[in-house]
Amino acid sequence: MSVTVAPAAVLTPRLKLVLVLLLAAQFMLAVDFSILNVALPVIGAGLGFSLAHLQWIATAFALCAAGFTLLFGRVADLFGRRRLFLGGLVVLGAASLVGGLAQTPEVLIAARVCQGLATAAVTPAGLSLLTTSFPEGPLREKALGLNGALMSAGFTTGAVLGGLLTDLLSWRWAFFINVPVALAVLVIAPTVIQESRPEKRPKLDVPGAVSVTLGLLAVVFGFTQAGEHGWGSAQALLSLAAGAILLLVFYAVEARVPAPLVPLGVLGKRSVAWGNVAGLIAFLTETSLVFLMTLYLQEVLGFSPLAAGLSFGVLGIGTVVGGSIAPRVIGRTGSRSTLIVGGILQTVFTAALLGLGDDRTWMWLLLVATFAGGVGNMLVIVGFMVTATSGLADHEQGLATGLATMTQQVGITMGTPIMSAITTAAMTGTGAAAILGGLKVAVAVNAAIALLGVLTSAVFLRGTRTSAR
């Protein structure tokens, strides 16, 4: 029987447990994005990956996580958010176990594909359970603030944890660590998380689902190929062109089908459209900045991968602080003002990194700027989540969170190849000095993109009062 769950107005003990379970799952998924980065060379040596194929360990995951997230967000609306959330966790736990036990490259890649598909299912389903469990207002803002803080901290934790597990135990534990967390959530969640789905189940828009999924897969693949082979490579250009054409086909399909995957009326809402633009810029700039600073720490200052990962602990603290204060800032000023303030903070402290030098005495500037920039970035991320999911009916929350998750994962995927290409093009020679010069050009572009996010929020979200008190 179909059930519609009314969100509670008070944070009861059961809702606290719901919050803990959903946040634990989202944190685990965020860790998965970065936990294998440090371990890639070790995995390649252990399983016999060629250098050319090593990047597929990350690419296989990113393709599925970004490509299928919008489809699964809508599936969660149609067939039950809890059902998809729990089913995705089963797949994630099983894929993580298989990945940890893998003895060949083919098995490992298959496990990463399944992990990506599970992430595409669990992330929007979990977020829609979060937004439908908590009413629009302070409770939802607090829940989304905690979710955003833990999600961003998860990227940093993944880099640190991946280094520690690889050095102290084995790269296989980067997979195995998911299994007990998934099992714990699976055991407890069915008793405390209620099913949530619309009373009337519409038909699934198959042409829209196929075109948008293939389009996103092509776009993400194009960005990864650009990062590997350069922006002028035939693989990148053809894939990006195919992705653009397929997304245009998707738009045309949505305008004609009776039950569209993404109703154009939803995309036409300023809060949804421009909230997602702000989120895309936030994820693109901050995750790619971590890549740039990783190069700086290792290639310019000579830190080990583990030491470089640990250096981002300060950034992780900044994101937790930003996620903790974001609900209060939104409550006092509204989500638009929070997007603007957070974006300005991120822009200023990203630009401050242009002052970095070629010796370790400049570490103080990196630590201060990444902490403050992390606070600002998290204000934008929480502001984006509140903006992009507000003003919609509960039966559209899976769609809204699917769009938000797609924005998050596409931003994460496209940021690094863009900044890598800029850095390489700006380098005028070899050695630490040339690398530092290229990195500074990329940092300047990064700050300019963050400023663009501020301007779009200021101009196109004018007049919105999302969640202001």
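This is a predicted model: local features need pLDDT of at least 70, side-chain atom pairs count only at pLDDT 80 or more; totals for chains, interfaces and linings use all residues.
What volume does the largest cavity have?

1. The largest cavity comes to about 70 Å³. The structure holds four cavities of 30 Å³ or more, and the notes here follow the largest one. Its lining is made up of Ala278, Ile281, Ala282, Thr285, Leu339, Gly343, Gln346, Val380, Ala450, Gly453 and Val454.

2. Which elements give two or more residues to that lining? They are α13, α16 (335-352) and α19 (432-460). The most comes from α13, which supplies four residues. By class, the lining of the largest cavity has seven nonpolar residues, four polar ones and no charged ones.

3. Helices α16 and α19 pack with their axes 9 Å apart, at an angle of about 165 degrees. Angles over 145 degrees count as roughly antiparallel, so α16 and α19 are roughly antiparallel to each other. Their crossing is left-handed. On the α16 side the contact is made by Arg336, Leu339, Ile340, Gly343, Ile344, Gln346, Thr347, Thr350 and Ala351. On the α19 side it is made by Val443, Asn446, Ala447, Ala450, Leu451, Val454, Ser457 and Ala458. These residues divide into ten nonpolar, six polar and one charged.

4. Helix α13 deserves a point of its own, with α17 (residues 363-389) as its partner. The two pack at an angle of about 160 degrees, and their axes are 9 Å apart. With that angle, α13 and α17 are therefore roughly antiparallel to each other. Here the crossing is left-handed. The contact of α13 with α17 contains 13 nonpolar, nine polar and one charged residues.

5. Now for a pair elsewhere in the chain: are α3 and α6 roughly parallel or roughly antiparallel to each other? The axes of α3 (residues 56-67) and α6 (residues 105-133) come within 7 Å and cross at roughly 30 degrees. An angle under 35 degrees counts as roughly parallel, so that is the description for α3 and α6. The crossing in which α3 passes α6 is right-handed. From α3, the contact draws on Trp56, Ile57, Ala58, Ala60, Phe61, Cys64 and Ala65. From α6 come Leu108, Ile109, Arg112, Val113, Gln115, Gly116, Leu117, Thr119 and Ala120. Sorted by class, this contact has twelve nonpolar, three polar and one charged residues.

6. Finally, a look at the second largest pocket, which has a volume of about 560 Å³. It is lined by 20 residues, and those closest to its centre are Leu267, Asn276, Leu403, Met406 and Thr407. Two or more lining residues come from each of α10 (206-229), α11 (234-254), α13 (270-300) and α18 (397-426). The lining of this pocket counts 18 nonpolar residues, two polar ones and no charged ones.

Key. Residues are numbered from 1 along each chain as its sequence is written. Side-chain values use heavy atoms; hydrogens and water are left out. On a 1 Å grid over the protein atoms alone, a cavity is a set of points where a 1.4 Å probe fits but cannot get out, and a pocket is an open set with protein on both sides within 12 Å along at least five of seven lines; lining residues have an atom within 4 Å of a point. Grid points are joined across faces, edges and corners, and a volume is the space filled by probe spheres set on the points. Ala, Val, Leu, Ile, Met, Phe, Trp, Tyr, Cys and Pro count as nonpolar, Asp, Glu, Lys and Arg as charged, and the others, Gly among them, as polar. Axes are lines fitted to C-alpha atoms, for helices over the stretch in contact, and angles run from 0 to 180 degrees between N-to-C directions. Angles under 35 degrees count as roughly parallel, over 145 as roughly antiparallel, 65 to 115 as roughly perpendicular and the rest as oblique. A crossing is left-handed if the near helix is turned anticlockwise from the far one by less than a right angle, and right-handed if clockwise. Contact means heavy atoms within 4.5 Å.
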